[in-house]
Amino acid sequence: MVKRVAIIGAGVSGLTSIKSCLDEGLEPTCFERSDDIGGLWKFKPDVEEGRASIYQSVIMNTSKEMSCFSDFPMPEDFPNFLHNSKLLAYFKIFVKKFNLLKYIRFQPTKCLRLCVRLWFPLRNGSSL
Ligand SMILES: Cc1cc2nc3c(=O)[nH]c(=O)nc-3n(C[C@H](O)[C@H](O)[C@H](O)COP(=O)(O)OP(=O)(O)OC[C@H]3O[C@@H](n4cnc5c(N)ncnc54)[C@H](O)[C@@H]3O)c2cc1C
C-alpha cells in the first residue's frame with residue numbers, strides 16, 4: 001500500500017518535501033494556508049497575521065550555486081545573488097518542471113490538528 005504523507009506549507013521546505021516523497025514512491029499532499037507557493041519568498045505588500053514576509057528589495061545573501069536544489073540548477077542567465085522575485089520565479093519553474101502543483105491544496109478550509117508521535121529505539125531492543 002502506498003504511504004500517504006501530509007506536508008504543511010508550500011515554502012521551499014514543503015516543495016522539496018513533495019519532490020522527495022515522489023522520488024521515494026510516497027503520496028504527498030501539501031497543505032498551504034496562503035494562496036501561492038514560495039512561503040517567505042512570496043512578497044506581499046500587506047502584513048498578514050502569522051505570516052513571515054520579506055521587504056520588496058530583498059536580495060538573497062546566499063549564492064545561486066549554494067541555494068539551488070541539488071538536482072535542479074538555477075537558470076544560467078540568473079544573477080549570482082537573486083532578487084526575491086527571481087527566487088520565486090525559480091521555485092515556480094521547479095514546481096512546473098516536476099509537476100508538483102497538483103499535490104498542493106491552497107487555503108484549506110478545514111484546520112488540521114496534527115498528532116506527532118515520536119519513536120525512539122533503545123539499545124536493548126525495546127522502544128520508548
Ligand atoms: C529576511 C530573510 C532573509 C533570508 N535570506 C535567506 C537567504 O538569502 N538564503 C537562504 O538560504 N535562506 C534565507 N533565509 C532563510 C529562509 O527561512 C529560507 O530561505 C526559506 O524561506 C525557509 O523556507 P520554509 O519553507 O522552511 O519556510 P517559509 O518560507 O516560511 O514557508 C512556510 C510556508 O508554510 C505555510 N504555513 C505555515 N504554517 C502553516 C499551517 N499551519 N498550515 C498551512 N500552511 C502553513 C506558510 O504560509 C508558508 O507558505 C532568509 C530568511 C529571512 C527571514
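Mentor: Start with the polar contact, a pair of N or O atoms within 3.5 Å; within protein, one must be able to donate a hydrogen and the other to accept it, and residues adjacent in sequence count only if both atoms are side-chain atoms. Here, a polar side-chain atom of tryptophan 41 is 3.0 Å from an oxygen atom of the ligand. The model is predicted: local features need pLDDT of at least 70, side-chain atom pairs count only at pLDDT 80 or more, and totals for chains, interfaces and linings use all residues. Residues are numbered from 1 along each chain as its sequence is written, and side-chain values use heavy atoms, with hydrogens and water left out.

Trainee: Which atoms of glutamate 32 and arginine 33 lie at the ligand, and at what distance?

Mentor: In glutamate 32, a side-chain N or O atom is 2.7 Å from an oxygen atom of the ligand. Arginine 33 uses a backbone N or O atom, 3.1 Å from a ligand nitrogen. The ligand taken alone exposes 990 Å², and the protein buries 59% of that.

Trainee: How many residues surround the ligand, and which are the closest?

Mentor: A residue is near a molecule if one of its heavy atoms lies within 4 Å of it. The ligand is surrounded by 14 residues, the closest being Ser13, Glu32, Leu40, Asn61 and Thr62. Helices (H or I, at least four residues) and strands (E, at least two) are DSSP runs, numbered from the N terminus. Both α1 (12–23) and β2 (27–32) supply at least two residues of the shell.

Trainee: Which residues touch the most other members of the largest nonpolar core?

Mentor: Such a core is a set of buried Ala, Val, Leu, Ile, Met, Phe, Trp, Tyr and Cys residues joined through side-chain atoms within 4.5 Å. Buried means under 20% relative accessible area, exposed over 50%, partly exposed in between (1.4 Å probe, protein chains only). Among its 24 residues, Leu15, Ile37, Trp41, Leu87, Tyr90, Phe91 and Ile104 touch the most other members. The largest share, six residues, comes from α3.

Trainee: Which residues does tryptophan 41 touch?

Mentor: Contact means heavy atoms within 4.5 Å. Leaving out residues up to four places away in sequence, tryptophan 41 touches Ile54, Val58, Met60, Asn84, Leu87, Leu88 and Phe91.

Note on methods
Accessible areas come from the Shrake-Rupley method with a 1.4 Å probe; for residues, only the protein chains shown count as cover.
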